[in-house]
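Please look over the sequence and the structure shown here, and then read the sections in order.

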Amino acid sequence: MTKKKSTAMTASSDALGAKPERAVPPSKKIAAAPGHDVVNTKKRSPKVTRAPFEIAGQRVTAGKRMRIELPIGNLMSGTPVALPLIVVHGKKDGPVVWLSAAIHGDEICGVEIIRQVLDAISAPALAGTVIAAPVVNVHGFNTNDRYLPDGRDLNRSFPGSPRGSLASRIAYLFMKEIVKRSDVGIDLHTGADLRTNLPQIRCDVDHGPTLELADIFGAPIVIDARLRDGSLRQATVEAGKIMLLFEGGEASRFDPAAIATGTAGVLRTLNHLGVTDFDAPIGQRSLYSRSTSWSRASNSGIVHLDAHLGELVSAKQQLATVYDPFGKVLGKIKSKYDGIVIGHTQAPLVNRGDAISHVARIMSEAPNASWGVPGAVDTEER
Ligand SMILES: [Zn+2]
């Protein structure tokens with residue numbers, strides 16, 4: 001893989017006060033006196049040490065990884081709660097990249113993706129810094145809940161406030177300690193409860209640097225998703241940073257295909273940014289889409305899927321059939337257009353109006369990024 005380093009991605013490491021390289025004086029040759037060996041008392045070459053990474057009042061030394069707890073208050077029982085992080089601070093300068101998962105507490109595939117990525121990287125070999133936040137919604141993760149205890153969606157609470165709701169406070173902390181210290185972020189999601197997603201990147205494909213990373217990630221499809229109000233992605237863009245949103249698999253389950261695609265995609269992205277230097281195989285060429293649509297059940301009953309994740313379908317092709325308990329066909333669910341199945345329900349029982357299959361219309365040509373500023377607002381990021 002060819003490595004391209006984006007100049008836009010080194011800002012934070014500079015801001016952290018990395019020392020400039022000192023000029024090395026030409027070494028002086030010392031002649032040995034006859035019968036004596038040369039003893040050079042100043043043999044150590046001047047080493048340039050990267051400045052430590054400071055976060056939450058802690059200092060991570062260059063070439064080390066450190067577990068850090070960001071305090072977020074107490075449980076009602078009085079037990080302290082913290083957002084757990086691992087910071088891997090490379091020996092060499094480079095971009096700061098954060099990886100986050102379980103912002104929706106029951107979306108756990110990303111937790112496993114981050115575990116595998118942390119297993120594959122080592123601080124001494126890194127050029128840059130990785131901040132891993134595998135469990136952002138700590139409360140939801142512990143109770144297998146998408147939301148926080150008060151029912152708020154953390155991914156609608158950004159950029160947050162230090163005096164707002166619990167969700168708003170966690171969002172504020174995440175922005176302050178992680179996003180503002182990073183150059184690039186990858187936020188890992190799955191489908192919501194009882195829905196599964198084809199591994200996909202959601203981003204603004206008209207923003208050149210974002211499109212470049214989405215392309216490298218190598219998921220089966222990249223969907224041009226507009227920004228949702230209160231989402232981490234919106235707050236990240238407003239903070240002038242780049243973020244990819246990965247979706248794959250379903251809530252409360254490990255989906256091996258989504259985990260494999262996500263792990264390989266994150267590692268390829270780190271490689272492309274110059275943070276790692278693996279022999280990473282090039283990912284698949286992604287399809288691109290600007291429009292997606294759910295087909296809904298016209299009757300209540302038992303649903304059987306006729307088209308599965310990743311399947312190419314044509315307009316009016318049958319995606320699913322709804323039966324009564326005796327096998328009588330009650331309704332057929334069809335695709336609205338030619339496209340690819342990027343998500344579907346996992347529920348065997350459905351009500352009239354339930355979303356059954358999600359189809360993306362494929363762009364005939366890959367997008368040509370206009371390098372603009374990302375902006376518009378989306379309709380569905382659930
Ligand atoms: Zn999610």
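## A strand pair and its hairpin

Strand β3 (residues 64–74) and strand β4 (residues 80–89) run antiparallel and are joined by 9 bridges. Two strands are said to pair if DSSP finds at least two bridges between them. Helices (H or I, at least four residues) and strands (E, at least two) are DSSP runs, numbered from the N terminus. Opposite Asn74 stands Pro80 in β4. The hairpin of β3 and β4 has 5 residues between the strands, and Gly78 there takes a positive phi near 100°.

## Basis of the model and the chain as a whole

The model is predicted: local features need pLDDT of at least 70, side-chain atom pairs count only at pLDDT 80 or more, and totals for chains, interfaces and linings use all residues. Residues are numbered from 1 along each chain as its sequence is written.

The chain contains 7 helices and 19 strands. Of its 382 residues, 45% are buried. A residue is buried if 20 or more other C-beta atoms lie within 10 Å of its own, exposed if 12 or fewer, and partly exposed in between, with C-beta atoms placed from the backbone. Two residues are in contact if their C-beta atoms, placed from the backbone, lie within 7 Å. Among contacts between residues at least 6 apart in sequence, 68% join residues at least 24 apart.

## Helix α5 and its crossing with α7

Helix α5 (residues 208–217) is mostly covered, with 7 of its 10 residues buried. These are Thr210, Leu211, Leu213, Ala214, Asp215, Ile216 and Phe217. The buried residues of α5 pack against β7 (184–189), β8 (195–203), β9 (221–224), β10 (242–250) and α7. Just after α5, Gly218 takes a positive phi of about 80°.

The axes of α5 and helix α7 (residues 256–272) come within 8 Å and cross at roughly 130°. Axes are lines fitted to C-alpha atoms, for helices over the stretch in contact, and angles run from 0 to 180 degrees between N-to-C directions. The two helices are therefore oblique to each other; angles under 35 degrees count as roughly parallel, over 145 as roughly antiparallel, 65 to 115 as roughly perpendicular and the rest as oblique. On the α5 side, the contact is made by Leu213, Ile216 and Phe217, and on the α7 side by Gly265, Arg268, Thr269 and His272.

## An open antiparallel sheet

An open sheet is formed by 4 strands in the order β16-β15-β13-β18, with antiparallel pairing. Its edge strands, each pairing on one side only, are β16 (329–334) and β18 (349–350). Strand β13 (residues 301–305) and strand β15 (residues 318–323) pair over 4 bridges, and Leu305 stands opposite Ala320 in β15.

Strands β15 and β16 pair in the antiparallel sense over 5 bridges. Their hairpin has 5 residues between the strands, where Gly327 takes a positive phi near 95°.

## Lys334 on strand β16

Lys334 lies in strand β16 and is the bridge partner of Gln318. Is Lys334 buried or partly exposed? Lys334 counts as partly exposed because it has 19 C-beta neighbours inside 10 Å.

Leaving aside its neighbours within four places in sequence, Lys334 is in contact with Ser295, Lys316, Gln317, Gln318 and Leu319. Asp306 is 28 residues away from Lys334 along the chain, and their C-alpha atoms are separated by 9.7 Å.
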